[in-house]
Amino acid sequence: MQIVETTNEGLKRGYSVKIAAKDIAAKIDGEVAKIAPQMNMPGFRPGKVPANLVKKMHGPALHQEALNTTVREAIDKVIADNKLRPAMQPQIALGEDYTEGKDAEVIVSIEVLPTIPAPSIDGIKLEKLVVPVSDAEVDEQLAKLAGQAKSFTDAKKGKKAEVGDQLIIDFLGKLDGVEFDGGKAEDAALEIGSGRFIPGFEEQLVGAKAGDEKTITVTFPADYQAANLAGKDATFDITVKSVKVPGEAKIDDDFAKNLGLTDLAQLTGLLRGQLEQETAGLTRTQMKRALLDHLAAGHDFDVPPSMVEAEFDQIWAQLQQEAQNEEDPAAALKEIEDEKDEYQAIAVRRVRLGLLLSEIGQANGVEVSQQEMNMLLNQAAQQYRAEDRQRFADFIGQDPLAAAQLRAPLYEDKVVDFLFDKAEVTTREVTREELQAAIEADEAAPAPAAKPAKKAPAKKAAAKADDKAEDKADAKPAKEAPKDKAPKKEAAPKDEKAEKKAPAKKAAAKK
């Protein structure tokens with residue numbers, strides 16, 4: 001095997017690898033020796049089929065397998081001999097003039113990870129903005145919970161229904177006088193003002209009394225899920241069977257017990273804990289952004305273009321998806337197109353931060369344990385049918401890149417927590433509004449090491465898939481290479497700076 005370096009520019013490497021025909025032939029002979037003892041052929045005893053017949057029967061498949069194995073071994077040797085740390089899967093091309101029985105030339109193109117000076121983790125100073133949970137906030141949540149748990153009792157005879165009252169009705173829907181599927185119900189409970197029925201339905205029942213029979217006309221929304229009803233006018237024959245009025249739920253121990261708890265104190269404690277957890281999440285977001293800004297400001301190095309392209313493609317795909325959900329998709333698409341360079345800069349920042357976090361994690365022994373990986377695997381498998389979960393687990397076990405993608409969010413969180421522990425943190429109490437304002441101000445600021453924004457962002461951008469684990473592994477070596485393989489690049493960090501903009505309107509509301 002002869003290896004010649006053909007390219008060495010920046011982070012790009014190229015090699016020409018010549019594989020002797022005899023090496024490929026030796027691989028084929030090895031495969032024949034493996035399968036011949038297992039073959040049965042008329043006229044021969046089991047396992048005694050001659051090698052030449054095995055080659056004749058399975059020649060193309062054996063040659064292809066031998067060639068693939070030889071190429072994989074060649075790539076491993078290129079990586080090991082040159083102590084490369086691949087950023088992405090190497091690109092491989094077989095010489096066009098290759099035919100079986102001849103020497104093979106393999107052209108290998110590899111982008112490598114940059115050499116990053118050991119990031120300094122000393123002297124990091126962070127401010128932690130905390131929001132104490134007040135008794136008034138807990139009381140407000142109790143009141144909301146009680147409002148959701150309200151019950152209804154029969155109203156006095158002859159009472160006219162008002163907003164907030166509940167009606168028990170039978171109804172029959174018709175299109176052009178013909179009953180349609182799904183338009184009929186008996187003893188249906190309808191709370192006037194709840195907005196559970198299509199627009200115009202509830203409003204026309206204000207003033208109804210028990211025993212009333214009436215016909216109303218409504219128009220189904222243009223985007224109604226049933227295509228045969230979307231945008232159509234329909235009539236509903238309605239019989240009001242009873243009118244009920246809401247009763248107020250008393251907030252006491254019995255109320256808590258109805259929710260499956262022991263007493264009101266336990267319910268209050270749970271609500272307080274939920275509020276504290278919510279504000280703690282905002283606090284962490286604010287601290288993490290400050291930490292990533294600190295890292296980005298102190299490091300500037302070239303990053304592999306392929307990793308940036310992969311990161312940008314994911315950001316761009318999400319932005320385009322968000323734009324399609326806007327009131328004016330064309331305007332939203334134009335807006336993000338005008339700011340394409342800014343999103344490209346965000347992708348560069350995210351990749352650079354991901355490499356930094358990976359370097360810090362490896363240098364300081366941060367790892368995701370097998371037990372934690374099993375937990376992640378079990379959680380991710382729940383989105384599949386029971387019969388498909390083992391196949392999913394097998395896939396993750398066999399694909400290093402897929403495993404890295406699954407591991408990435410937890411790994412990033414562990415590195416961030418490690419840096420939080422090392423940092424000098426000062427704490428300041430603020431209101432929820434002040435904490436939110438600090439986060440929004442950070443969103444509006446241009447990202448360090450990126451092209452400054454032309455304007456403050458309209459909304460948070462959809463540069464990630466969803467807050468459940470959007471963090472993505474941007475790169476991992478193609479194979480488990482020798483010792484000098486690429487480090488376990490876990491992910492581009494969940495950098496909220498990448499969410500600094502959004503197409504047109506409403507992006508913040510869409511997850």
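This note walks through a predicted model, from its overall make-up to a few single residues.

1. **Overall make-up.** Start with the whole chain. The protein chain holds 12 helices and 11 strands. It has 511 residues, and 41% of them are buried.

2. Strands of a sheet pair through backbone hydrogen bonds, and the pairing can be parallel or antiparallel.

3. Which strand is joined to S3 by 4 bridges? It is S4, residues 104-111, and the two run antiparallel. For a landmark, find Ile 92, which stands opposite Val 108 in S4.

4. **Helices H3 and H5.** Two packed helices are described by the angle between their axes and by the distance between those axes. Helix H3 covers residues 135-148, and helix H5 covers residues 264-298. Their axes come within 10 Å and cross at roughly 110 degrees. Angles of 65 to 115 degrees count as roughly perpendicular, so H3 is roughly perpendicular to H5. The crossing of H3 past H5 is right-handed.

5. **Who touches whom in that crossing.** On the H3 side, the contact is made by Asp 135, Glu 137, Val 138, Gln 141, Leu 142 and Leu 145. On the H5 side, the residues are Leu 264, Leu 267, Thr 268, Leu 271, Arg 272 and Leu 275. Sorted by class, the contact of H3 with H5 has 7 nonpolar, 2 polar and 3 charged residues.

6. **A glycine in H5.** Gly 269 also lies in helix H5. Is Gly 269 buried, exposed or partly exposed? Its relative accessibility is 40%, so Gly 269 counts as partly exposed. Gly 269 and Val 138 are 131 residues apart along the chain, yet their C-alpha atoms are separated by 8.8 Å.

7. **Helices H5 and H11.** H5 also packs with helix H11, residues 400-422. The angle is about 80 degrees, and the axes are 11 Å apart. That makes H5 roughly perpendicular to H11. From H5 come Arg 284, Met 287, Lys 288, Leu 291 and Leu 295. They meet Glu 412, Asp 413, Val 416, Asp 417, Leu 419 and Phe 420 in H11. How do the residues of this contact divide by class? There are 6 nonpolar, no polar and 5 charged residues.

8. **Lys 83, a loop residue.** Lys 83 sits in the loop between helix H2 (51-81) and S3. Its phi is near 50 degrees, a positive value in a residue other than glycine. Lys 83 has 60% relative accessibility, so it counts as exposed.

9. **Asp 176, another loop residue.** Where is Asp 176? Look in the loop between strand S7 (166-175) and strand S8 (178-191). Asp 176 is not a glycine, but its phi is positive, near 50 degrees. At 79% relative accessibility, Asp 176 counts as exposed. The cut-off for exposed is over 50%.

Key: Residues numbered from 1 in each chain as written. Predicted model: local features only at pLDDT ≥ 70, side-chain atom pairs only at ≥ 80, totals over all residues. Heavy atoms only, no water. Pairing = 2+ DSSP bridges. Axes fitted to C-alpha atoms, helices over the stretch in contact; angles between N-to-C directions. Parallel < 35°, antiparallel > 145°, perpendicular 65-115°, else oblique. Left-handed = near helix turned anticlockwise from the far one by under 90°. Contact = heavy atoms within 4.5 Å. Nonpolar A, V, L, I, M, F, W, Y, C, P; charged D, E, K, R; others polar. Buried < 20%, exposed > 50% of the residue type's maximum accessible area, 1.4 Å probe, protein only.
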